[in-house]
There are 2 protein chains.
Amino acid sequence: MTSSTLVPVFAALGDETRWSILAALGEGDASASALSGRLPVTRQAIAKHLSVLQEVGLVDSVRVGRELRYRVIGAQLSETARRLDRIGDEWERRLAAIKRVAEAL
Amino acid sequence: MTSSTLVPVFAALGDETRWSILAALGEGDASASALSGRLPVTRQAIAKHLSVLQEVGLVDSVRVGRELRYRVIGAQLSETARRLDRIGDEWERRLAAIKRVAEAL
DNA sequence: GATTGATGCAACTGTATGGTTGCAGCAATC
DNA sequence: GATTGCTGCAACCATACAGTTGCATCAATC
């Protein structure tokens, strides 16, 4: 799980509307229709966003009667943060090494 | 510093080509022209990517003679990771609280 | 000063995508 | 069984954007 490639996750997180959806879901699980009452976009637009969020594992859905209720998966955010942090460290290390070599000349 | 809003940073990180540019820069600082020799895209395309990377503070540039040399700022990645991690924690906490409330019913 | 190799700017193309409207389908309730 | 309200699908529009080509510019070198 959470084995999704990193880049699509970032792409999903690179949209303001998607963040407001995530924020709204942070208040509690909700369906696309419910969300459309709180956000200034159509239910269908929200549904599309939810599907991309779900594809990258940032969101989860459960059928409750005739409605599809979505919920944020906070763990995926944490996982992404961890991976990004490792990459940042890696870069710092490499750049420090390069700097040392450069200064040794 | 590194006070850039989060979303544009994610948008910048949500592109494969940009990651390959970052990866190439990880091998050492380089100019757009130099990078175009190693990547399957035009110098101009790379220049555009570098400008968006620079706008969100992921990359830095120094003029060296007649060339503009770019360098990765690993710290910005780490900072982004930290902020994302905090958000993830926040969500986990809130969701846990909601779950407790729901189970108490 | 001419040449060379780098950047900068502008216009253009194709495609992805955020957003919309409209309608069909389907489950729950009355 | 009719109504109500939510989901799902499809077509469509506008804009953003990754990428290209072409040309101007400008600094370093010969």
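## Contacts of Leu25(B)

In this predicted model, Leu25(B) is in contact (heavy atoms within 4.5 Å) with Ala30(B), Leu35(B), Leu50(B), Val59(B), Tyr70(B), Arg71(B) and Val72(B), leaving aside residues up to four places away in sequence. Leu25(B) is also one of the residues that touch the most other members of the largest nonpolar core, together with Leu13(A), Leu25(A) and Leu13(B). That core has 56 residues; a nonpolar core is a set of buried Ala, Val, Leu, Ile, Met, Phe, Trp, Tyr and Cys residues joined through side-chain atoms within 4.5 Å.

## Basis of the model

Residues are numbered from 1 along each chain as its sequence is written, and chains are lettered from A and ligands numbered from 1 in the order in which they are written. Local features need pLDDT of at least 70 and side-chain atom pairs count only at pLDDT 80 or more, whereas totals for chains, interfaces and linings use all residues; side-chain values use heavy atoms, with hydrogens and water left out.

## Helix and strands of chain A

Helix α1(A), residues 6-13, is largely enclosed by the rest of the structure, because six of its eight residues are buried. These are Leu6(A), Val7(A), Val9(A), Phe10(A), Ala12(A) and Leu13(A). Buried means under 20% relative accessible area, exposed over 50%, and partly exposed in between (1.4 Å probe, protein chains only). Helices (H or I, at least four residues) and strands (E, at least two) are DSSP runs, numbered from the N terminus.

Strand β3(A), residues 67-72, pairs (at least two DSSP bridges) with β1(A), residues 30-31, in the antiparallel sense over two bridges. Ala30(A) has Tyr70(A) as its bridge partner. β3(A) also runs antiparallel to β2(A), residues 59-64, through six bridges, with Val64(A) opposite Glu67(A). Two residues lie between the strands of the β2(A) and β3(A) hairpin, where Gly65(A) takes a positive phi near 65°.

## Surface near DNA strand C

DNA strand C is surrounded by 20 residues, where near means a heavy atom within 4 Å. The closest are Thr42(A), Lys48(A), His49(A), Ser33(B) and Arg43(B). Sugar and phosphate make up 51% of the atoms of DNA strand C that come within 4 Å of the protein. Helix α4(A) gives the most to this surface, with four residues.

Polar contacts are pairs of N or O atoms within 3.5 Å; within protein, one must be able to donate a hydrogen and the other to accept it, and residues adjacent in sequence count only if both atoms are side-chain atoms. A polar side-chain atom of Arg18(A) lies 3.3 Å from a phosphate oxygen of DNA strand C. At the bases, a side-chain N or O atom of Lys48(A) is 2.4 Å from an oxygen, and one of Arg43(B) is 2.6 Å from a nitrogen.
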